[in-house]
Amino acid sequence: DSGVTQTPKHLITATGQRVTLRCSPRSGDLSVYWYQQSLDQGLQFLIQYYNGEERAKGNILERFSAQQFPDLHSELNLSSLELGDSALYFCASSGTGPKDTQYFGPGTRLTVL
Amino acid sequence: ELKVEQNPLFLSMQEGKNYTIYCNYSTTSDRLYWYRQDPGKSLESLFVLLSNGAVKQEGRLMASLDTKARLSTLHITAAVHDLSATYFCAVHGSGTASKLTFGTGTRLQVTL
């Protein structure tokens, strides 16, 4: 158990809908990262937050947005869902030291029908 | 743009054999990670390599880093079935952003 929690574990929804994925980082970690894992794209970085502020953006679609709250939990919002958004979404957290590893949560499996 | 290549993509090996997974990356990096993923599960951190010549070992797995060649290897010694999983290398880009760029993964299947 990495100490990173994600809810829900599974999500099934329809095209055009909007969903919110939630992540709680390890105790003491200020950085939260979101990744998408799909068969065709592999593991891709989406976005990073550090202590409530956006730090880096990757291949995140405009239909997707994220935020990190004062208690450091983070939410990833996916809207106008398409079939191709079906994937595993991972959240990771880390400290800020140079040796700090990113620890991954269990993931949320999103299925868009 | 940082690119990370892993090979092989799939590796079937017998128990007791040795093999190496390779991870090449395209630009300078200050950190390289190896992760393990079991089917349908999350990523488990195995190693973090921070400097040229770094070598880390845990059980039957040994990882090394050559920053000049932009190459990391994950060596498996005397494989056992429990090592069957997908192994990813991930490279940390230079700069303040801490995003990781992942390789394609190597699916390892250890047969009896």
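Five residue pairs, both members at pLDDT 80 or more, are in polar contact between chain B and chain A; that term covers a pair of N or O atoms within 3.5 Å, where within protein one must be able to donate a hydrogen and the other to accept it, and residues adjacent in sequence count only if both atoms are side-chain atoms. This is a predicted model, where local features need pLDDT of at least 70 and side-chain atom pairs count only at pLDDT 80 or more, while totals for chains, interfaces and linings use all residues. Residues are numbered from 1 along each chain as its sequence is written, chains are lettered from A and ligands numbered from 1 in the order in which they are written, and side-chain values use heavy atoms, with hydrogens and water left out.

On chain B, strand 4 (29-37), strand 5 (43-49) and strand 10 (100-102) each bring at least two residues to the side that touches chain A. Strands here are DSSP runs (E, at least two residues), numbered from the N terminus. Strand 4 of chain B has the largest share of that side, with four residues. Sorted by class, the side holds nine nonpolar, six polar and three charged residues; Ala, Val, Leu, Ile, Met, Phe, Trp, Tyr, Cys and Pro count as nonpolar, Asp, Glu, Lys and Arg as charged, and the others, Gly among them, as polar.

As for salt bridges (a side-chain nitrogen of Lys or Arg within 4 Å of a carboxyl oxygen of Asp or Glu), the count between the two chains is zero. In contact terms (heavy atoms within 4.5 Å), 18 residues of chain B meet 19 residues of chain A.

Now for the pockets. A pocket is an open set of points on a 1 Å grid over the protein atoms alone, where a 1.4 Å probe fits, with protein on both sides within 12 Å along at least five of seven lines; lining residues have an atom within 4 Å of a point. Points are joined across faces, edges and corners, and the volume is the space filled by probe spheres set on them.

| Pocket | Volume | Lining by class |
|---|---|---|
| Largest | about 1,100 Å³ | 15 nonpolar, 18 polar, seven charged residues |

The largest pocket has 40 lining residues, with A:Ser38, A:Gly42, A:Leu43, B:Phe88 and B:Thr104 nearest its centre. Strand 5 of chain A gives the largest share of this lining, four residues.

For the second largest pocket, strand 5 of chain B gives the largest share of the lining, three residues.
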